[in-house]
Amino acid sequence: MALLRLFLALMLTTGWILILDKPHPLGDATLPPPGRFLSPQHGFWCNAEPVRPSLQRIELTSARLHQPTTLIIDRESVPRIYAGHPEDAAYAQGYVTAMLRLFQMDMSTRSPIGRLSEIVGERTLAHDLAQRRKGLYEAAERLAASWEKDPESGPLLRAYVAGINDRIRQMTPSEWPVEYKLLDFSPEPWTSVHCAAFYLAMSETLALTAHDIPLTNALKVFGQETFALLYPDRNPYDDPVIPSSPDSVAIGPDSSGLPGHTWGYEFLTPASLPGIGSNNWAVSAGHTLNGHPILCNDPHLTLTLPSIWLEMQISIGQQHAYGVAFSAIPGIAIGFNGDVAWGFTNAGHDVLDWYEIQWADEGRTRYLLDGTEKEAVLREEVIRVKGRKQPVRDTVRFTVWGPVPQLEDKDGRGVSLAMHWLPANSLDPMMPSVFTRINGASGVNDWLTTLQRYDAPMQNGIFASRAGDIAIRVSGKMPIRGHSDGRTVQPGTDSRFQWKGFVPAEENPLVLNPAQGYVASANQWSTSADFPYAYTGIFEDWRGRYINEVLRPSRSLTLEDMMALQNDNTSILAREAIRVLALRADTFRLAPSELEAFRQLISWDHRFDARDRTPVLFDLWIKQLDSLAWDEWYALKDSLPLEIPETWRMLDLMVADQDLAWWDHAGTPARETATDIVTWALQQAVARLMALDTNSRLTWGQYRKTYIRHLARIEAFSAPDLELGGHSSALNAMTATNGPSWRMVVELGPVVKAYGIYPGGQSGNPGSPYYRHFLPLWQKGEYRSLLIYPEPKDIPGQQLHFITFQPQ
């Protein structure tokens with residue numbers, strides 16, 4: 001009996017061990033092995049960090065180092081690197097980035113090249129297949145190989161990667177970020193391919209959209225005349241980044257070469273999202289109160305926890321740079337040093353063209369070009385999927401144009417599109433060292449020399465210096481298209497539609513020390529229409545105009561003025577839309593509550609303030625107006641992707657043509673005019689608001705709500721339901737998911753004064769007091785002082801880590 005009890009006890013214990021050591025499915029998710037996850041020695045308990053940590057002194061050695069290097073993490077968890085060689089600084093940056101943000105680095109480099117299913121399972125397989133079919137894994141491998149061979153970028157990148165890997169090797173499973181324990185996987189060694197993958201991820205966000213396909217459909221469905229009316233080449237009211245230039249060249253869509261059918265593709269690339277963009281401006285010394293140039297920058301991106309940015313100082317000898325860095329690229333991307341400040345906004349240029357492929361065989365291994373057959377290059381993609389014993393295998397076809405992401409449209413027709421995308425092609429191998437070069441700039445020539453070798457994605461680089469220079473340059477390769485402007489799908493059978501090269505780097509649009517006393521950009525058109533090279537893209541219609549409206553008459557600007565401008569909730573969209581409401585609404589048709597709403601909108605100050613109720617009414621009205629104006633478009637949109645005309649064009653046409661045929665609503669027997677549509681939209685908005693807000697207390701912040709999600713969509717690690725002001729058309733370009741990811745203001749006087757903030761914290765660990773410690777200040781529109789400390793001894797207060805790296 002005793003032996004039986006012992007046997008049963010052993011069996012029970014063994015069973016519990018097996019249960020506790022295996023993952024368990026729960027709906028669509030999988031629970032981690034509970035034994036390991038709950039283990040006091042290795043589990044999530046180990047990720048809790050003290051509120052008041054004590055100083056950790058560490059000394060490490062590495063064969064990668066040229067000289068001793070010091071890394072200090074200060075009381076705000078800001079890394080400060082002191083190195084004597086650029087490669088040593090890159091090593092330390094890689095090390096500390098992995099120390100603070102390892103899981104973020106992992107996720108942000110898996111997603112673009114289709115490797116999420118390895119850790120998540122079936123839920124992300126469709127995403128991974130789409131990324132592989134866009135050729136992004138192949139592009140990352142090719143770019144990394146090119147970067148490695150460059151005499152400047154190669155050593156820098158290898159040092160950066162070595163720092164990451166040394167940190168990973170030093171970590172025990174108990175020190176792994178909690179997300180690894182939740183998802184039950186382990187960190188992998190880092191390579192330069194990871195860095196290239198991150199670069200492609202940022203390029204996807206900023207420069208990979210699919211407007212060509214819905215525009216092609218619109219042209220085919222509605223014809224050339226309507227297309228020209230509703231989709232003009234540019235907004236004539238735009239206030240461009242760069243002033244006029246002579247000898248313009250204009251190329252329109254060549255409809256004679258278009259495919260003879262519409263496209264019903266499931267989108268492999270997104271349309272541009274409201275709130276993805278940025279603002280920047282620099283004001284000359286003559287226009288500021290203190291007589292010093294001021295530079296401001298606030299990039300608008302998808303808001304996540306951890307933040308896309310990591311704040312840090314990098315000192316190499318006597319060169320000290322401070323600002324924010326990406327989690328997989330060496331150097332400080334946006335920041336300042338003792339002499340200059342720099343920043344970027346997205347330029348919005350179209351650097352992606354789609355080409356229809358005609359296959360010459362049933363196996364789709366050969367295609368037609370200029371009347372001859374060409375062999376497609378076939379690449380097998382192997383995707384490991386968590387929970388599957390065998391990997392998923394897929395074959396991607398590459399043509400002279402680029403990869404073919406999808407062989408058939410969603411209706412099963414055997415037609416294919418190939419994509420030609422600049423960031424995946426023809427890149428200067430110096431790209432990984434761009435930020436490190438800019439970090440050491442002492443004047444405008446250093447900055448310009450570096451940007452002339454910057455390729456993609458297209459950016460408006462901005463600059464200011466203590467010497468008094470201010471400048472802005474449209475930076476990156478600008479394709480020269482010969483036979484069409486690239487707005488619509490091109491025939492892949494005709495090589496005349498290939499790009500003819502790029503605008504010479506020395507001819508990229510540039511303004512240096514303009515007479516107006518400032519330079520500025522907010523994703524609007526780069527130049528006026530008379531720029532000698534044709535280009536197209538997705539450009540913002542409102543924010544750039546407002547910046548110019550404020551800065552043009554100003555002469556005594558201060559740092560406080562600049563901070564207030566970055567947080568400004570005023571919208572020119574709202575102002576111009578309300579003018580249309582005042583012009584076209586028929587107040588005689590309005591019920592008392594609707595008339596009160598009309599008066600409320602007419603008297604509104606056009607500010608999307610968090611505690612104001614009027615922006616809610618405006619948002620409901622403008623959405624209803626868009627829906628009623630383009631009802632034919634929305635009726636087709638589910639079956640056929642169509643580009644909806646831009647809001648500025650809708651408002652412009654409502655003023656110009658009361659009886660435009662497109663205002664007629666297909667669902668009614670009467671023929672509607674602009675007045676009918678505007679009035680009807682207001683009545684529907686009021687009804688909708690009354691249903692939403694029975695107590696008449698709903699504010700803009702409560703209605704819109706901003707959600708900062710954790711990268712792995714773990715709700716407990718997210719920041720939901722933030723009640724904030726702002727709008728995608730305001731300088732404070734807040735949306736439900738996007739917004740100012742970093743606000744920076746720098747005054748370049750004898751002593752540089754800099755301020756900044758971002759929504760999150762320095763640590764990627766949800767169990768750390770530094771996970772979201774900057775978020776409350778950011779929510780209130782406040783800033784932190786950004787201070788450079790030239791020597792480690794200058795850093796005040798309690799430090800968190802003091803790490804010394806010695807050459808081996």
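Keep in mind that the model is predicted. Start with the chain as a whole. It has 808 residues, and 59% of them are buried. The chain holds 22 helices and 33 strands. Now look at contacts between residues at least 6 apart in sequence. Of those, 72% join residues at least 24 apart.

How many cavities of 30 Å³ or more does a search of the whole structure find? The count is five.

Where does the lining come from? Helix α9 gives the most, with four residues.

A word on cysteines. In general, a disulfide is a covalent bond between the sulfur atoms of two cysteines. This structure holds zero disulfides. Two cysteines to find on screen are C195 and C296. C195 has 0% relative accessibility, so it counts as buried. C296 is also at 0%, so it counts as buried too.

Now to strand β13, residues 352–357. Is β13 enclosed or open? Six of its six residues are buried, so the strand is largely enclosed by the rest of the structure. L352, W354 and E356 point one way, while D353, Y355 and I357 point the other way. Both sets are buried, and that includes the acidic residues E356 and D353.

Who are the partners of β13? One is β19, residues 416–421, which runs antiparallel to it over six bridges. There, Y355 stands opposite A418. Another is β23, residues 490–491, joined by two bridges and running parallel. In that pairing, E356 stands opposite P491.

Move along to a hairpin. Strand β14, residues 366–369, and strand β15, residues 372–375, run antiparallel and are joined by four bridges. L368 faces E373 across that pair. Two residues sit between the strands, and D370 in the turn has a positive phi of about 55°.

Take β16-β17-β18, listed in sheet order, where the pairing is antiparallel. Strands β16, at 377–383, and β18, at 403–404, stand at the edges with a single partner strand each, so one side of each has no neighbour in the sheet. Strand β17, residues 392–398, pairs with β18 over two bridges. F398 stands opposite P403 there.

The other sheet has the order β8-β27-β28, and its pairing is mixed. Here β8, at 304–305, and β28, at 719–722, are the edge strands, each with a single partner, so one side of each is left without a neighbour in the sheet. Strands β8 and β27, the latter covering residues 706–710, run parallel and share two bridges. The bridge partner of L305 in β27 is H710.

Where is T536? It lies in the loop between β26, at 518–521, and α13, at 543–551. Is T536 buried or exposed? Its relative accessibility is 10%, so it counts as buried. What does T536 touch, beyond its neighbours within four places in sequence? The contacts are G348, H349, D350, D485, R487 and W525.

Helix α13 itself is mostly covered, with seven of its nine residues buried. Those are R543, G544, R545, Y546, I547, N548 and L551. They pack against strands β6, β7 and β26, and against helices α14, at 559–566, and α15, at 572–584.

One link to close on.

Definitions and conventions:
Residues are numbered from 1 along each chain as its sequence is written. This is a predicted model: local features need pLDDT of at least 70, side-chain atom pairs count only at pLDDT 80 or more; totals for chains, interfaces and linings use all residues. Side-chain values use heavy atoms; hydrogens and water are left out. On a 1 Å grid over the protein atoms alone, a cavity is a set of points where a 1.4 Å probe fits but cannot get out, and a pocket is an open set with protein on both sides within 12 Å along at least five of seven lines; lining residues have an atom within 4 Å of a point. Grid points are joined across faces, edges and corners, and a volume is the space filled by probe spheres set on the points. Two strands pair if DSSP finds at least two bridges between them. A disulfide is a pair of cysteine sulfur atoms within 2.5 Å. Buried means under 20% relative accessible area, exposed over 50%, partly exposed in between (1.4 Å probe, protein chains only). Contact means heavy atoms within 4.5 Å.
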